[in-house]
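Hi everyone, thanks for making time this morning. Let me put the structure up, and then we can walk through it together.

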Amino acid sequence: MTFREDGLNLYNNGLYQEALDALLSEDIDPVEDPELAYLMGLCYTRLEEYKEAVFYLEKSAERDNSLIRIYQSRMVLSYVYNVTKNYMGAEKQLLKIINDGFESCQIYTSLGYSLWNQKKVKESIDYLSRSLEMDSDNSNTLNSMGYIMAEEGINPEKAVEYCRKALSVQPKNGNYMDSLAWALFRCGKTDEARDYLEKAMKAGADKKVCRKHLHLIEQYDKF
């Protein structure tokens, strides 16, 4: 078994540092080997060492002859850029994927998220709408659409519908509960919003976000 094969097996078993160590033992410069660069980029992403991940994934996307691996590299890059709040970088990667002829709910929803974080609200909603045209039950898209509409004050009642539908698909998703709570609050339904926020925190949602929303509801109740 080669170091590369060993690294891939370790990666598939969730042993990301061990996988990276094996890949680093390969007697070749990963910059000159797009597949190796891609695998190392995946490991660094899993280890949340994002600077290194970007370096190797960019090399893979630039030099690879495999269209599928280029697509995968760009998708992971868009994830890394979104996580590190480089939303313009994420947008560029996702648009390159679309220009290469790929489309999916994941691509359009990720792009919608990147655009919204750049305050490109109309474009964001346009791409989320494209995703829902492909799959009207995609919970990630439904949740994103509902939350963004609620946050932007665009048809709050419709935002609640989107969030309720997302939660019906994944009823144990705490982050979806938080989104629904925020949409309900924007509709003036503070009691139900508070109930869902409490459920969201118990279900493992981002507590920092939930507490922020709960604080805003409590401030609203004082007036």
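Predicted model: local features only at pLDDT ≥ 70, side-chain atom pairs only at ≥ 80, totals over all residues.

Residues are numbered from 1 along each chain as its sequence is written, and side-chain values use heavy atoms, with hydrogens and water left out.

Let's take the whole chain to begin with. There are 13 helices and zero strands; helices here are DSSP runs of H or I with at least four residues, strands are runs of E with at least two, and both are numbered from the N terminus. Along its principal axes, the C-alpha trace spans about 65 × 35 × 25 Å. The chain has 223 residues, and 50% of them count as buried. As for contacts, meaning heavy atoms within 4.5 Å, residues 24 or more positions apart account for 46% of those with a separation of 6 or more. The accessible surface comes to about 11900 Å², and 48% of that belongs to carbon and sulfur atoms; these areas come from the Shrake-Rupley method with a 1.4 Å probe, and for residues only the protein chains shown count as cover.

A word on charge. The chain carries 28 positive and 36 negative side chains, with the centres of the two sets 7 Å apart. Lys and Arg are counted as positive, Asp and Glu as negative, and His and the chain ends are left out. Each charge is placed at NZ of Lys, CZ of Arg, CG of Asp or CD of Glu.

Now to α9, residues 139–152. How far apart are its end C-alpha atoms? They are 20 Å apart, which agrees with the 20 Å that its 14 residues should span at 1.5 Å a residue. That expected span is 1.5 Å times one less than the number of residues. Is α9 mostly covered or mostly open? Mostly covered: eleven of its 14 residues are buried, among them Y147, I148 and M149. After the helix comes G153, with a positive phi near 70 degrees.

Next, the α6 and α7 pair. α6 has 13 residues and reaches 18 Å from its first C-alpha to its last, close to the 18 Å expected. Its buried residues include Y87, L94, I97 and I98, and the buried set packs against α4, α5, α7 and α8. G101 follows α6 and has a positive phi near 100 degrees.

Then we reach S104, in the loop between α6 and α7. S104 counts as buried because its relative accessible area is 17%. The C-alpha atoms of S104 and M134 are 7.6 Å apart, although 30 residues separate them along the chain.

α7 itself has twelve residues and reaches 16 Å, close to the 16 Å expected. Ten of those twelve are buried, so α7 is largely enclosed by the rest of the structure. Among the buried ones are C105, Y108 and W116. They belong to a set that packs against α5, α6, α8 and α9.

Let me finish with a few single residues. E26 sits in the loop between α2 and α3 and, at 18% relative accessible area, is buried. Not counting residues up to four places away in sequence, E26 touches T2, F3, R4 and L36.

E48, in the loop between α3 and α4, has a positive phi of about 60 degrees although it is not a glycine, and at 58% relative accessibility E48 is exposed. K85 lies in the loop between α5 and α6; its phi is also positive, near 65 degrees, and K85 is exposed at 63%.

Finally, K202 belongs to helix α12 and counts as exposed at 77% relative accessibility. K202 and G174 are 28 residues apart in sequence, yet 7.6 Å apart from C-alpha to C-alpha.

How values were computed:
Buried < 20%, exposed > 50% of the residue type's maximum accessible area, 1.4 Å probe, protein only.
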